[in-house]
Amino acid sequence: QVQLVESGGGLVQAGGSMRLSCAASGRTFSSYAMGWFRQAPGKDREFVAAISWSGGNTYVADSVKSRFTISRDNAKNTVYLQMNSLKPEDTAVYYCAAAESVYSGAYYSSRGEYHYWGQGTQVTVSS
């Protein structure tokens with residue numbers, strides 16, 4: 001079992017920046033690929049970014065590419081999502097997720113690949 005707790009959400013003006021953190025506890029964090037998803041009101045949960053358990057490979061959705069960056073610190077059991085140039089359409093609940101992975105370089109963009117989910121943190125971008 002892995003427990004995930006997101007933090008860092010809140011209210012920010014359009015054009016601003018915010019960094020989300022996801023702290024993991026339980027089983028060995030470094031053996032899990034990690035991902036961030038988001039869900040806006042009335043919409044499906046969508047993929048935002050993913051990172052391999054080695055940290056060497058990342059993948060970011062086209063909708064946020066060049067603005068969002070995912071990273072991890074295995075020594076701190078934490079994964080981050082740095083969000084820059086935020087837009088009102090980025091408003092959503094952001095979730096982190098963990099996927100058991102045999103391969104150090106693997107990352108996943110499908111919700112079904114993830115085994116554990118956090119409770120989410122609200123990000124609101126005002127115009």
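Salt bridges and strands in a predicted model

Modeller: In this predicted model, Arg67 and Asp90 join their side chains in a salt bridge, 2.7 Å from N to O. A salt bridge here is a side-chain nitrogen of Lys or Arg within 4 Å of a carboxyl oxygen of Asp or Glu.

Colleague: Where do Arg67 and Asp90 lie?

Modeller: Arg67 is in the loop between strand 6 (58-60) and strand 7 (68-73), and Asp90 is in the loop between strand 8 and strand 9, so the pair ties together parts 23 residues apart in sequence. Strands (E, at least two residues) are DSSP runs, numbered from the N terminus.

Colleague: Is Asp90 buried or exposed?

Modeller: Asp90 counts as buried because its relative accessibility is 0%. Buried means under 20% relative accessible area, exposed over 50%, and partly exposed in between (1.4 Å probe, protein chains only). Arg67 is buried too, at 10%.

Colleague: What should I know about how the values were made?

Modeller: The model is predicted, so local features need pLDDT of at least 70 and side-chain atom pairs count only at pLDDT 80 or more, while totals for chains, interfaces and linings use all residues. Residues are numbered from 1 along each chain as its sequence is written, and side-chain values use heavy atoms, with hydrogens and water left out.

Colleague: Back to the bridges. How many salt bridges are there?

Modeller: The count is four. Asp90 also meets Arg38 in a salt bridge, at 2.9 Å from N to O. Those two residues are 52 residues apart, with Arg38 in strand 4 (residues 32-39). Arg38 also forms a salt bridge with Glu46, where the closest N and O atoms are 2.6 Å apart.

Colleague: Which residues are linked in a network?

Modeller: Arg38, Glu46, Arg67 and Asp90 are linked by salt bridges. Arg38 is buried at 7%, while Glu46 is partly exposed at 34%.

Colleague: Why is strand 5 largely enclosed?

Modeller: Five of the six residues of strand 5 (residues 46-51) are buried, so the rest of the structure largely encloses it.

Colleague: Which way do strand 4 and strand 5 run?

Modeller: They run antiparallel, joined by five bridges. Two strands pair if DSSP finds at least two bridges between them. Gly35 stands opposite Ala50 in strand 5. The hairpin of strand 4 and strand 5 has six residues between the strands, and Gly42 there takes a positive phi near 75 degrees.

Colleague: What about strand 5 and strand 6?

Modeller: Strand 5 pairs with strand 6 over three bridges, in the antiparallel sense. Ala49 has Val60 in strand 6 as its bridge partner.

Methods. Helix = DSSP H or I, 4+ residues; strand = E, 2+ residues; numbered from the N terminus.
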